Amino acid sequence: MGALWGGRFEKSVGSFTQAFGASLQVDKSMYSQDIKGSLAHARMLCEKGIISKADFDKIEVGLVEIENQIAQGRFQFDINDEDIHMAIEKTLIKDVGVAGARLHTGRSRNDQVATDTRLHAKDLLNELLAQNCALRSVIYAKACDNFDVIMPGYTHLQHAQPVLFSHHMLAYFWMFTRDFTRLVAAFDAADANPLGSAALAGTTYPLDRHMTTELLGFDHPIPNSMDAVSDRDYLLDLEYACSVSMMHLSRLCEEIILWSTTEFGFVTLSDSFATGSSIMPQKKNPDFAELTRGKMGRVVGDLVALLVTMKSLPLAYNKDLQECKEGAMDAAKTLHDCMVCMEGMIESMELHVPEMRKSAGKGFTAATDVADYLAKKGMPFRQAHEVVGELVLYCEKHHKGLEDLTLDEFKQANELFEADIVSALDMETIVAARKTYGGTGYEAVKVQMKEAEAALNAD
Ligand code: ARG
């Protein structure tokens, strides 16, 4: 059998153009969505008396058989079939005859491909949502298990103030929680039914679009047939959500890469999430964190590619739209796999608690609290800032930390200093004092952990 539109043509396209125009290699992964869409369309045609029950039964048996063949790798794909829609329909007609040839009544590949792509996007998003929760569970658990570990907090990558490791990890938890919301928004955007829009203008058959909406589990039918066949915004939403989440993963990866350096020495990655060097026997490289960081680029590339493809497209369907699927599938798979990788990497990552604790005290991280000490004794904060700034300068000149100063040295800087200044320099005390909502204090982080747990349970 030639192309399904053979009637109007005297010559067929050459083999190069045939392959060039095909999307089968990409869209064959949507076979189950295509069959689901066809079954719903056929059932509706039957209910509306447009095809007979006998024809519907044959179509149903034929489609179920084709689905099994594809699932079991027994289906013969033919590159002469441009896409999965043609491949399945052609085989159906070959298998069940004239009943199969009635399936495409009141339907175009334009609404068919839009339907399949939306169903596929919803499936991909469901997988991403599940994996997002798995990743957040591991981050949450790592924070719980290491609740009171102290590490340096940074601004400008310079030591700033001590923070709890759990607080640091929960910052990522909330990033990924917002990603969950963005993925849900993309799901909602995909959750509308284009089927029944036909090529662009609707159809003369009395189709029931609400029925196929119900059968396919869409939220509502798309109200404009021209918009329905040409809208790919939901793929942009998916790719945007994936891009932001990849950006968050790349930030986390960057930190893990830094933490695992000799300079930081905060963590050791499990052997299962590191590689060696072919020449340097001592090396343990954080390849998978680097790769995840690097893959952010391709996902953003997918987003930009689709935006540019959509720019200036006139209504309604244009073949340019065939290009939309591959990037979306790539973005979803990349994010999914990166989340799986990070889940295992974080779970198995070993913390070096004493090193983290020691590092937290370096770089005058108590300076703010020493200034607060003076301010709480009545000195205006700006003045206290100045006094402690000079103390830091003094320490640097004498190669000392604030904790190495004697009470005399403190008193030289200002009379308000008393013996209790020692406690202002204690990392645990400094952390504990940050009791404000959302702060790094033990009590505040406990409150935060409860909220994180509730967010995870709600998603
Ligand atoms: N292979 C096409 C795609 O994926 C299917 C729709 C083609 N429709 C058309 N009139 N050429 O977008």
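1. Ala, Val, Leu, Ile, Met, Phe, Trp, Tyr, Cys and Pro count here as nonpolar, Asp, Glu, Lys and Arg as charged, and the others, Gly among them, as polar. By these classes, the shell around the ligand has 3 nonpolar, 3 polar and 5 charged residues.

2. The model is predicted: local features need pLDDT of at least 70, side-chain atom pairs count only at pLDDT 80 or more, and totals for chains, interfaces and linings use all residues. Residue numbers start from 1 along each chain as its sequence is written.

3. The domain assignment of the protein gives domain 1 (14-105), domain 2 (110-146 + 162-198 + 223-358) and domain 3 (363-458). Such bounds come from an automatic or database domain assignment. Taken over C-alpha atoms, the centres of domain 1 and domain 3 are separated by 69 Å.

4. The UniProt record, an unreviewed entry, lists "domain: Fumarate lyase N-terminal" for residues 7-301. UniProt positions are in the numbering used here, feature names are shortened, and annotations may be inferred rather than shown by experiment. Over residues 7-301 the chain is 62% helix and 6% strand, and the end C-alpha atoms lie 40 Å apart. Helices (H or I, at least four residues) and strands (E, at least two) are DSSP runs, numbered from the N terminus.

5. The unreviewed UniProt entry also lists "domain: Argininosuccinate lyase C-terminal", for residues 364-432. This stretch is 64% helix and 0% strand, with 18 Å between its end C-alpha atoms.

6. Which residues surround the ligand? They are Ser23, Asp27, Glu82, Asp83, Arg109, Asn110, Val113, Tyr317, Lys319, Leu321 and Gln322. A residue is near a molecule or strand if its C-beta atom, placed from the backbone, lies within 6 Å of it. Domain 1 and domain 2 each supply at least three residues of this shell. Helix H7 (residues 109-145) gives the largest share, 3 residues.

7. Helix H5 (residues 84-96) has 13 residues, and at 1.5 Å a residue it should span 18 Å; its end C-alpha atoms are 18 Å apart, which agrees. The expected span is 1.5 Å times one less than the number of residues. After H5 comes Gly97, whose phi is positive, near 75 degrees.

8. In H5, the buried residues are Ile84, His85, Ala87, Ile88, Glu89, Thr91, Leu92 and Val96. A residue is buried if 20 or more other C-beta atoms lie within 10 Å of its own, exposed if 12 or fewer, and partly exposed in between, with C-beta atoms placed from the backbone. The buried residues of H5 pack against helix H2 (24-27), helix H3 (31-47), helix H4 (53-71), helix H6 (98-101) and H7. Contact between two residues requires their C-beta atoms, placed from the backbone, to lie within 7 Å.

9. Is Asp404 buried or exposed? Asp404 is exposed, because 11 other C-beta atoms lie within 10 Å. Asp404 sits in the loop between helix H16 (381-397) and helix H17 (407-413). From Glu47, Asp404 is 357 residues away in sequence and 86 Å away in space, C-alpha to C-alpha.

10. Some backbone details remain. The loop between helix H12 (287-310) and helix H13 (324-348) holds Ala316, and the peptide bond from Leu315 to Ala316 is cis, with omega near 0 degrees. Ser312 is found in the loop between H12 and H13; although not a glycine, Ser312 has a positive phi of about 70 degrees. His156, also not a glycine, has a positive phi of about 55 degrees and lies in the loop between strand E1 (150-155) and strand E2 (158-164). His156 counts as exposed because it has 6 C-beta neighbours inside 10 Å.
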